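Please look over the sequence and the fold shown below before reading on. The report that follows takes up a helix, a strand and a loop residue in turn.

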Amino acid sequence: MNFLIINGPNINMLGLRQPEIYGTDTYNDLVALVTDTCEQHGITPEFFQSNHEGAIVDEIQLAYGKFDGIIINPAAFTHTSVAILDALQTVSIPTAEVHISDITQREEFRQISFAGLACQLHFIGQGLQGYANAVVELKEYIEQL
């Protein structure tokens, strides 16, 4: 099983970016956690991070026919990008949405998730552990299809 792990703007700056909200773990810590979890569950992960909306859309489109599942944290694009929503709906790959912070408890504009409308599973406010949980539960979801 192959999963594409997509992270949007500023996720590459974990550890520096608002540690009171996102913690002190780095992007490399995130990659290591997901890689370890995937290895434990027989999944091959591929990681993609971009600060550019179009690059994320392109990566989602390239995933068609190549990946069994997508785990996505669109970051700030969560609240603004109909293009990412459209791309996820177009490829119809089972997808889990992850947010490190609890977007339902933050500013009103952050409580809207366009990308989430195309996702079958949601992991919100679980910190980096949300990614590991997404790996396990997305695999289970796919196996039940």
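Which glycine follows α2, and is its phi positive or negative? The residue is glycine 42, and its phi is positive, near 70 degrees. This is a predicted model, in which local features need pLDDT of at least 70 and side-chain atom pairs count only at pLDDT 80 or more, while totals for chains, interfaces and linings use all residues. Residues are numbered from 1 along each chain as its sequence is written, and side-chain values use heavy atoms, with hydrogens and water left out.

**Helix α2**

Helix α2 covers residues 27–40, and its 14 residues should span 20 Å at 1.5 Å a residue, which agrees with the 20 Å between its end C-alpha atoms; the expected span is 1.5 Å times one less than the number of residues. Burial is judged by relative accessible area (buried under 20%, exposed over 50%, partly exposed in between, with a 1.4 Å probe and protein chains only). The buried residues of α2 are Tyr27, Leu30, Val34, Thr37 and Cys38. Seen down the helix axis, these buried residues fall within an arc of 100 degrees, so they line one face of α2, the arc being that of the directions from the axis to the C-beta atoms. An α-helix has 3.6 residues a turn, so residues three or four places apart point the same way. Exposed Asn28, Glu39 and Gln40 sit on the face of α2 turned away from its buried side, whereas the cover over the buried residues includes β1, β2 (44–49) and α5 (129–143).

**Strand β3**

In strand β3 (residues 69–73), five of its five residues are buried. Gly69, Ile71 and Asn73 point one way, and Ile70 and Ile72 the other way.

| Partner of β3 | Sense | Bridges |
|---|---|---|
| β1 (residues 2–7) | parallel | five bridges |
| β4 | parallel | three bridges |

Isoleucine 70 is the bridge partner of leucine 4, and isoleucine 70 also stands opposite threonine 95 in β4.

**Phenylalanine 114**

Phenylalanine 114 lies in the loop between β4 (95–99) and β5 (121–124), and it counts as partly exposed because its relative accessibility is 26%. Its contacts (heavy atoms within 4.5 Å) include Thr78, His79 and Leu85, not counting residues up to four places away in sequence.

Methods: Helices (H or I, at least four residues) and strands (E, at least two) are DSSP runs, numbered from the N terminus. Two strands pair if DSSP finds at least two bridges between them.
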